[in-house]
Amino acid sequence: MSAAGPPLTPEGWGSRYRAEDTPWDLGRPAPGLLSLLDEGVLAPCRVLVPGCGRGHDALLLADRGFDVVALDYAPEAIRLAEDLAATRGESRVRFLVQDFLCFEAAEPFDLLWEHTCFPALHSSLRQGYARAIARLVRPGGILAGVFFVGSSPGGPPFEATTEEIEALLSPAFEKLAWEPARVRGHTRREEWTYVGRRHSSARHSGGCAPRDRGP
Ligand SMILES: C[S@@+](CC[C@H](N)C(=O)[O-])C[C@H]1O[C@@H](n2cnc3c(N)ncnc32)[C@H](O)[C@@H]1O
């Protein structure tokens with residue numbers, strides 16, 4: 001991600017946003033999200049977008065009629081997302097400065113959309129990620145996302161194998177789709193699309209643990 005290694009703190013990520021050193025930012029919504037929306041896999045509901053960065057996905061979801069809460073623990077990311085929303089005249093998204101792993105919502109969400117939040121987390125935080133998604137998606141709700149698999153030069157810092165990701169998600173979610181992402185007919189082998197339904201009872205729920213706060 002950079003010669004200095006990946007940023008692992010809100011301050012580290014914030015300095016990347018301040019320096020405009022954000023190669024992960026596509027400047028538009030994730031193609032995988034557009035595909036799931038256009039194919040009708042995701043329908044308007046109450047959605048959480050963790051690690052939202054500049055908010056392209058959150059703004060698209062609001063545009064498509066979703067009730068969106070988007071969070072990022074880097075205040076700079078949220079400031080940029082709010083600026084982008086203001087330039088679009090979009091005031092419906094609730095952007096929050098929050099650590100996803102310790103986020104508690106008054107009510108769990110119908111849908112959680114993941115795009116490059118998981119590979120931004122140190123590998124030691126993966127169980128905390130699993131606990132957070134189980135806590136924040138209601139039973140019967142949906143987890144959807146694009147996960148980066150394998151490793152690629154300049155790619156996300158903490159990629160995992162398809163087996164590792166599936167094993168992490170399976171205690172709380174019934175897999176509905178897990179396949180290489182297809183964008184406009186092209187298969188992207190390093191990006192896999194996951195869609196899963198939250199089991200009514202899940203082993204991986206519970207609150208934020210002290211070990212979820214950092215590597
Ligand atoms: C690689 S960027 C991706 C941003 C956005 N999803 C996108 O696709 O452009 C990862 C983002 O996750 C945020 N992040 C990392 N760990 C987080 C955590 N524990 N809670 C909330 N945000 C986190 C970072 O601040 C950063 O904005």
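The structure is a predicted model, in which local features need pLDDT of at least 70 and side-chain atom pairs count only at pLDDT 80 or more, while totals for chains, interfaces and linings use all residues. Residues are numbered from 1 along each chain as its sequence is written.

The protein chain has six helices and seven strands; helices (H or I, at least four residues) and strands (E, at least two) are DSSP runs, numbered from the N terminus. Read from the N terminus on, the elements follow the order α-α-β-α-β-α-β-β-α-β-α-β-β. Of the 215 residues of the protein chain, 41% count as buried. Here a residue is buried if 20 or more other C-beta atoms lie within 10 Å of its own, exposed if 12 or fewer, and partly exposed in between, with C-beta atoms placed from the backbone. Two residues are in contact if their C-beta atoms, again placed from the backbone, lie within 7 Å. Among the contacts in the protein chain with a separation of 6 or more, 72% are between residues 24 or more positions apart.

In soluble globular proteins, nonpolar side chains tend to be buried together. The largest nonpolar core has 62 residues, and A58, V68, A70 and I133 have the most contacts inside it. Strand β5 (residues 137-148) gives the most to this core, with seven residues. Leaving out residues up to four places away in sequence, A58 touches V49, C52, V68, A70, A81 and V93.

A58 is also one of the buried residues of helix α3, together with H56, D57, L59, L61 and A62. Because six of the eight residues of α3 (residues 56-63) are buried, this helix is largely enclosed by the rest of the structure. Its buried residues pack against α2, β1 (46-50), β2, α4 and β4. After α3 comes G65, whose phi is positive, near 95 degrees. G27 sits in the loop between α1 and α2, and is exposed because 7 other C-beta atoms lie within 10 Å.

Strand β2 (residues 67-72) runs parallel to β3, and four bridges join the two; strands pair if DSSP finds at least two bridges between them. Within this pair, L71 stands opposite L96 in β3. β2, helix α4 (residues 75-88) and β3 make a right-handed β-α-β unit. Right-handed means that, with the strands pointing away from the viewer, the path from the first strand over the helix to the second runs clockwise.

The ligand has 20 residues around it, of which W13, G51, G53, A74 and F100 come nearest; a residue is near a molecule or strand if its C-beta atom, placed from the backbone, lies within 6 Å of it. The shell divides into 13 nonpolar, four polar and three charged residues. In this count Ala, Val, Leu, Ile, Met, Phe, Trp, Tyr, Cys and Pro are nonpolar, Asp, Glu, Lys and Arg are charged, and the others, Gly among them, are polar.

Two residues stand out by their backbone angles. Most residues other than glycine have a negative phi, and most peptide bonds are trans. E20, however, is not a glycine and has a positive phi near 55 degrees. E20 lies in the loop between α1 (10-18) and α2 (31-38), and counts as exposed because it has 8 C-beta neighbours inside 10 Å. T116, also not a glycine, has a positive phi of about 60 degrees. T116 is found in the loop between β4 and α5 (126-136), and is buried because 20 other C-beta atoms lie within 10 Å.

Finally, V146 lies in strand β5 and counts as buried because it has 22 C-beta neighbours inside 10 Å. Leaving aside neighbours within four places in sequence, V146 is in contact with A30, G32, H115, A181, E191 and T193.

Conventions
A nonpolar core is a set of buried Ala, Val, Leu, Ile, Met, Phe, Trp, Tyr and Cys residues joined through C-beta atoms within 7 Å.
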